[in-house]
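Trainee: I am new to this structure. Could you help me read it?
Mentor: Gladly; let us look together.

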Amino acid sequence: QVQLVESGGGLVEAGGSLRLSCAASGRIFSMYSMGWFRQAPGKEREFVAAISRSGGSTFYADSVKGRFTISRDNAKNTVYLQMNSLKPEDTAVYYCAASQMVVTTDVQKYNYWGQGTQVTVSS
């Protein structure tokens, strides 16, 4: 079991940056692969980025490649999403999620979810 709490969302102008954090409780954070997903009003939740248990492998949605970076600090039980060159279409609620499976982009494989943090990008 793991509990996740996102933070770092807010309002930013297009071209700006935000760094999201996801703090996890529990003593076995390193046993979970982690992902970030986002959901805009009226749209399906979509994959954004994922990172393996050790942090050695990362995956990104095509829409964010080159702009977003996922990382983790297992000593701090925290996963991050650095978002640069933000666009209005990045506006969404961003969710942190944990999976007991090997690193995956599949939303169905994630067992635990945070409550989300709002990211709004103005033009």
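Here we go through a disulfide, a strand and a loop residue.

Mentor: This is a predicted model, where local features need pLDDT of at least 70, side-chain atom pairs count only at pLDDT 80 or more, and totals for chains, interfaces and linings use all residues. Residues are numbered from 1 along each chain as its sequence is written, and side-chain values use heavy atoms, leaving out hydrogens and water.

Trainee: Which residues does the disulfide join?

Mentor: A disulfide is a covalent bond between the sulfur atoms of two cysteines. The cut-off here is a pair of cysteine sulfur atoms within 2.5 Å. The structure holds 1 disulfide, joining Cys 22 to Cys 96 with S to S 2.1 Å. Cys 22 is in strand 3 (residues 18-24) and Cys 96 in strand 9 (residues 92-99), so the bond ties together parts 74 residues apart in sequence. Strands are DSSP runs (E, at least two residues), numbered from the N terminus.

Trainee: Is Cys 96 buried or exposed?

Mentor: Buried means under 20% relative accessible area, exposed over 50%, partly exposed in between (1.4 Å probe, protein chains only). Cys 96 is buried, at 0%.

Trainee: Which strands are joined to strand 4 by bridges?

Mentor: Two strands pair if DSSP finds at least two bridges between them. Strand 4 runs antiparallel to strand 9, with 7 bridges, and antiparallel to strand 5 (residues 46-51), with 5 bridges.

Trainee: Where is Arg 67 found?

Mentor: Arg 67 is in the loop between strand 6 (58-60) and strand 7 (68-73). At 10% relative accessibility, Arg 67 counts as buried.

Technical notes. Helix = DSSP H or I, 4+ residues; strand = E, 2+ residues; numbered from the N terminus.
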